[in-house]
Amino acid sequence: MSDGRIVAVEAYDADGLDGAQDLGDTALLPGLVDTHVHVNEPGRTEWEGFSSATRAAAAGGVTTIVDMPLNSLPPTVSVAALAQKRAAATGQCHVDVGFWGGAIPGNAADLPALYDAGVFGFKAFLVDSGVPEFPPLDPSGLRTAIGAVDALFVVHAEDPDEIVPAAASRRYADFVDSRPAKAETGAVAAVVEAAKETGARLHVLHVSAAPALAATMGVANVTVETCPHYLTLTAEEVPDGATEFKCCPPIRGADNREALWQGLATGAIDCVVSDHSPCTPELKRGDTGDFAAAWGGIASLQIGLPVVWTQATARGFTLTDVVRWMAQRPAEIVGLTRKGRIAAGYDADLVAFDPDAAFVVDAGRLRHRHPVTPYHGRALLGKVQRTWLRGTVVDGVAPLGRLLVRGSS
């Protein structure tokens, strides 16, 4: 290693390795790259913040995150807002942090300058985002944004015409019925059509409905992600009033979960990222258990690796597969050319991971801001033992992270 980068990868018994640390049976992985994280700072730092989010990331073996443009105030929809976001993050980050810009109605003219300022691309919603300052685009507005700048667009694809306003209810099934699979399949098909017509690079966020994958197959300029919760949790297991399970699009049935795993096996799904979207406990409405009123978002940044590994190994997948889904492909999709692999020239972002260690999730011991997660009490396999950022151990005390700029990372 030199200047925080890997110089060479040598054989285990190569000469000249005196003093090197032997991890024994512990696996050495590249640091994970999570391109879908809602940090929420500035403006809603009581939900989450750069210090707490990046501590949680490092504890979970994630060495690079890309922060979403909404839920912070202001949202990252202009160069001035990006400057505020970067100022808030400076000196707080325990892992490397990049930023998405946002595409909303009326800001197409701002997108080229925002892209030149270093965002990795632009997020757009086709449905209500949940916060009024980040309104959705209709399909025509998406094409206008795409035409304004040659950049990667990442899209929350649900069709608002297929979503039924959810009535107050403690039954999870009622919430799922309000956001049916056809809301995703239709919207994903519209995204794919836009990609075919324009040649733009489009990425479909957090696919939960496996039938939506059919439209993306064989379209070279469309990539797809899913999330640990869609690969692990099932609608059938969600108790009444357990609003910590609420996310949008929703967790669906067990058969659908298995179809998502098949999508990973065939390459229809490119990567697995957290969509870490926490809020205050009050906004989760644990007092009433009303799924309609609760904030939709799952907090899992710290435990995504063992969550996915537990399910993957049970289905015959290997750590090589998990690394491809959670490190290599996310880095490739967003253009992080020195992240996601253990190879010469790459940053020495590394994770010591014991794949055989079992533990039970205790929400109170997680490092994100609030102890709310649907994984509390769940038995998982695989523990992160240590995380290095550019060759230095991340101790959660000294913030070692850098703010990344597209094209120089």
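I began with arginine 5, which is partly exposed because its relative accessible area is 33%, where buried means under 20%, exposed over 50% and partly exposed in between, with a 1.4 Å probe and protein chains only. I note that this is a predicted model, in which local features need pLDDT of at least 70 and side-chain atom pairs count only at pLDDT 80 or more, while totals for chains, interfaces and linings use all residues. Residues are numbered from 1 along each chain as its sequence is written, and side-chain values use heavy atoms, with hydrogens and water left out.

I then looked up the partner of arginine 5 and found a salt bridge with aspartate 347, the closest N and O atoms being 3.9 Å apart; the term stands for a side-chain nitrogen of Lys or Arg within 4 Å of a carboxyl oxygen of Asp or Glu. Arginine 5 lies in the segment before strand E1 (27-30) and aspartate 347 in the loop between H10 and E11, so the pair ties together parts 342 residues apart in sequence; helices (H or I, at least four residues) and strands (E, at least two) are DSSP runs, numbered from the N terminus. Aspartate 347, at 8% relative accessibility, counts as buried.

The search of the whole structure gave me 20 salt bridges. In one of them, glutamate 133 meets arginine 44, with 2.6 Å between the closest N and O atoms. Glutamate 133 sits in the loop between E6 and H4, and arginine 44 in the loop between strand E2 (32-37) and helix H1 (50-59), 89 residues apart. Arginine 44 is buried, at a relative accessible area of 13%.

Next I turned to helix H4 (residues 139-148), whose buried residues are Gly141, Leu142, Ala145 and Ile146. Seen down the axis of H4, they fall within an arc of 140° and so line one face of the helix, the arc being that of the directions from the helix axis to the C-beta atoms. I recorded that they pack against helix H3 (111-116), strand E6 (122-125), strand E7 (153-156), helix H6 (181-198) and strand E8 (202-204), with contact taken as heavy atoms within 4.5 Å.

My last entry concerns isoleucine 342, placed in the loop between helix H10 (319-334) and strand E11 (350-360) and partly exposed at 31% relative accessibility.
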